[in-house]
Amino acid sequence: MQSMTENDLAATENDLECVQVRKHFGSVRAVDDVSFEIPKGSFFSILGPSGCGKTTLMRMIAGFESPTAGDIRIKGKSVIGTPPNRRNVKMVFQHLALFPMMNVYENIAYGLRCAGASKDVIRTKVHDVLERISLPDVANREISQLSGGQKQRIAIARCMVLDPDVLLLDEPLGALDLKLREAMKIELKLLQHQFDTTFVYITHDQSEALVMSDNVAIMNEGKFVQIGTPQELYHNPSAAFVAGFVGDTNRWAGKVTRVESGAVEVVTEAGLTMRGSVRGAGTPGVGDTVSAFVRPEFISAEKSGVSAKPVDPAHNVINGKVDSILFNGANSRILVRDGAGELIEADVVLTGGTQDLKPKDDVTLSWSPEQTMSFKA
Amino acid sequence: MMQKDIKRLSLILLFAPFALWIFLLIVLPHLGMFYISVREKVGPRMYEFGLGNYINFFTEPIYWNTLIRTGSMSLLVTALALLLGFPIAYYIAKIAGNRTRGALFLMCLIPLWVSDLIRAFGWILLLRETGIISSSLQWAGVINTPIEFLYNDAAVIMGLVYTVILFMIVPLVSTLDGMDNAMIEAGYNLGGNGPTVLRRIIIPYAMPGIVSGCIVVFMLTAGSYLTPILLGGKNSSWFTEQIYDQFITRYNWESGAAFGFLLLAFTSLVVWGGLKLSGQTLNSTVAKS
């Protein structure tokens with residue numbers, strides 16, 4: 001009993017807490033034993049491929065589904081059994097779900113009306129929130145007259161005007177075009193700072209999650225694989241799934257041929273030999289299969305024979321031929337075909353000069369074993 | 001140049017059947033009817049232009065009383081059809097699964113395959129003095145003597161609601177179907193309870209469908225003939241019966257034509273009033289579904 005009350009006291013620090021939440025649809029485990037806590041005022045993302053259960057989890061937090069087992073606490077209070085309209089958790093829907101038969105003012109005022117606020121209060125609050133999302137003049141517009149980005153902000157304002165404990169966002173940027181999506185990422189982060197409310201953001205787009213979040217949970221097949229800051233997830237993934245899902249990466253499957261403290265030598269299926277560092281759970285022994293991941297930015301590519309600086313002897317070195325060049329400004333990349341016929345991606349700087357790599361050039365790729373993240377399969 | 005001519009020709013050819021239909025079967029007969037309605041019979045085969053047939057209608061209370069009665073009963077039927085049809089449509093569009101939805105829709109449609117007349121006789125079999133309801137009530141001992149359920153307003157209204165409810169359900173299902181479920185969820189999420197969500201979100205969203213269904217149902221009811229006559233009997237006092245009387249029994253085509261136009265004017269007026277009250281336009285309702 002004593003420990004329970006202590007738990008409750010600690011829980012009040014968190015805006016949202018899930019304890020061993022499960023949701024089964026028949027024999028399908030949509031959400032399986034998920035636990036996490038989100039401290040006040042932070043931006044938390046749940047990142048996972050489609051069908052991983054993230055939407056079900058969000059719908060349980062909002063109250064549209066009830067968990068098969070486990071507890072969901074908002075500001076330390078369990079909300080199991082509380083209907084969605086009594087929870088102080090607001091949600092920005094995937095397609096925003098603005099009410100087309102009401103204008104902007106009515107859309108924002110709807111929640112306040114439901115709460116029984118007086119006309120004057122509603123008027124000041126609506127104008128306040130419109131001011132804060134820097135759209136002070138749209139109150140009398142119809143929803144169909146707004147641009148995509150404006151709709152987005154109105155959908156957030158409609159929730160924020162109610163001072164929610166937690167704001168849930170269900171992939172709200174999915175419907176926007178690329179340029180606007182980039183701009184909205186930054187804007188969402190700024191809005192979160194401004195309102196100082198906990199945002200829980202659901203997405204399958206890793207760049208959205210990495211750019212905006214304080215913490216990200218990687219979800220797969222109903223389970224949380226890893227929770228951490230974007231940097232942790234990127235540089236220290238705890239599982240092969242995280243390493244493959246977050247960020248771009250070269251991936252090899254291979255067998256361990258030698259084990260040293262924290263390091264392994266791996267021969268890939270195609271016959272490449274490389275040294276790597278052991279990550280994640282489980283220490284692979286000789287003969288075990290492992291997955292090795294190397295991010296393209298850690299592979300340096302030099303034209304063969306003209307290398308100015310000598311390659312660190314401890315590095316993995318592979319010779320190959322440039323297959324194609326993927327030019328994308330500062331994020332340019334080359335595809336190199338190695339001796340075994342596999343394609344390896346490496347980031348390069350293309351200045352537009354004569355020194356640039358061209359297709360069919362012979363190149364030497366090298367990277368440090370430390371950056372070869374090897375997971376026991 | 002050639003291309004353009006061919007395009008134009010194909011447009012004309014495609015449009016021709018519709019234009020012919022509208023002109024030959026709708027415009028022309030109405031012009032003829034209107035012509036008949038504004039001539040007064042002054043002697044055998046002697047006619048004069050005048051509004052006498054219309055004036056007759058207003059000076060004879062039984063005529064306009066019948067029209068008012070028809071109008072108000074039609075409104076009642078429309079309201080009942082809406083009250084009964086809305087939950088059904090909501091269930092079909094929003095609650096039923098994909099497979100049940102098709103089955104339910106089909107169940108609503110199948111009665112339409114049977115002619116109006118047969119369906120009205122079905123009601124007669126049920127409701128008449130020696131009918132199924134009366135005799136089973138007798139058998140159960142609820143009543144001692146057979147009761148005639150036919151030939152009263154309730155029977156007429158019930159029969160009409162039954163005949164027209166499908167025309168209410170179809171447009172409602174199609175508008176509710178277009179409504180994103182997330183909108184209803186958003187309604188709850190922002191703090192609304194069941195009645196609030198219904199009143200402030202679902203009904204306003206479904207308004208075009210509601211109005212469209214109401215217009216069709218009202219027009220069909222006010223212009224129906226078979227059901228009121230068969231279920232209401234001689235004293236059903238339906239306005240279409242009055243028109244039929246003028247044409248067939250009294251052979252007074254002039255007066256019948258005038259009544260026809262009055263019915264058209266009256267129903268149009270009611271529809272116009274309804275549109276004004278609900279703030280909808282024909283374009284946003286009937287033209288859409």
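Reply: Two strands pair if DSSP finds at least two bridges between them. The model discussed here is predicted.

Me: Over how many bridges do strands β16 and β17 of chain A pair?

Reply: Strand β16(A) covers residues 316-326 and strand β17(A) covers residues 333-338. One bridge joins S324(A) to its partner L335(A) in β17(A). The two strands run in the antiparallel sense, and the number of bridges in their pairing is six.

Me: Which residue in the turn between β16(A) and β17(A) has a positive phi?

Reply: β16(A) and β17(A) form a hairpin, with six residues between them. In that turn, a positive phi of about 60° belongs to G329(A).

Me: Which residue in β18(A) does V336(A) stand opposite?

Reply: β17(A) also pairs with strand β18(A), residues 343-347, in the antiparallel sense over five bridges. These two strands form a hairpin with four residues between them, and G341(A) in the turn has a positive phi of about 90°. Within β18(A), the residue opposite V336(A) is I344(A).

Me: What distance separates the centres of domain 1 and domain 2 of chain A?

Reply: Chain A is divided into domain 1 (2-235), domain 2 (248-294) and domain 3 (296-367). Taken over C-alpha atoms, the centres of domain 1 and domain 2 of chain A are separated by 40 Å.

Me: Which element gives the most to the side of chain A that touches chain B?

Reply: The contact takes 17 residues from chain A and 16 residues from chain B. On the chain A side, the elements giving two or more residues are β6 (89-92) and α3 (104-114). The residues of that side divide into twelve nonpolar, three polar and two charged. With three residues, the element that gives the most is α3(A).

Me: Are helices α2 and α12 of chain B roughly parallel or roughly perpendicular?

Reply: Helix α2(B), residues 52-59, packs with helix α12(B), residues 253-278, at an angle of about 70°, and their axes are 9 Å apart. Angles of 65 to 115 degrees count as roughly perpendicular. The relation of α2(B) to α12(B) is therefore roughly perpendicular.

Me: How many residues of the contact of α2(B) with α12(B) are nonpolar?

Reply: The crossing of these helices, α2(B) and α12(B), is right-handed. From α2(B) the contact takes N53(B), Y54(B), N56(B) and F57(B), and from α12(B) it takes E254(B), S255(B), A258(B), F259(B) and L262(B). Three of these residues are polar and one is charged, while the number that are nonpolar is five.

Notes. Residues numbered from 1 in each chain as written. Chains lettered and ligands numbered in written order. Predicted model: local features only at pLDDT ≥ 70, side-chain atom pairs only at ≥ 80, totals over all residues. Axes fitted to C-alpha atoms, helices over the stretch in contact; angles between N-to-C directions. Parallel < 35°, antiparallel > 145°, perpendicular 65-115°, else oblique. Left-handed = near helix turned anticlockwise from the far one by under 90°. Contact = placed C-beta atoms within 7 Å. Nonpolar A, V, L, I, M, F, W, Y, C, P; charged D, E, K, R; others polar. Domains from an automatic or database assignment.
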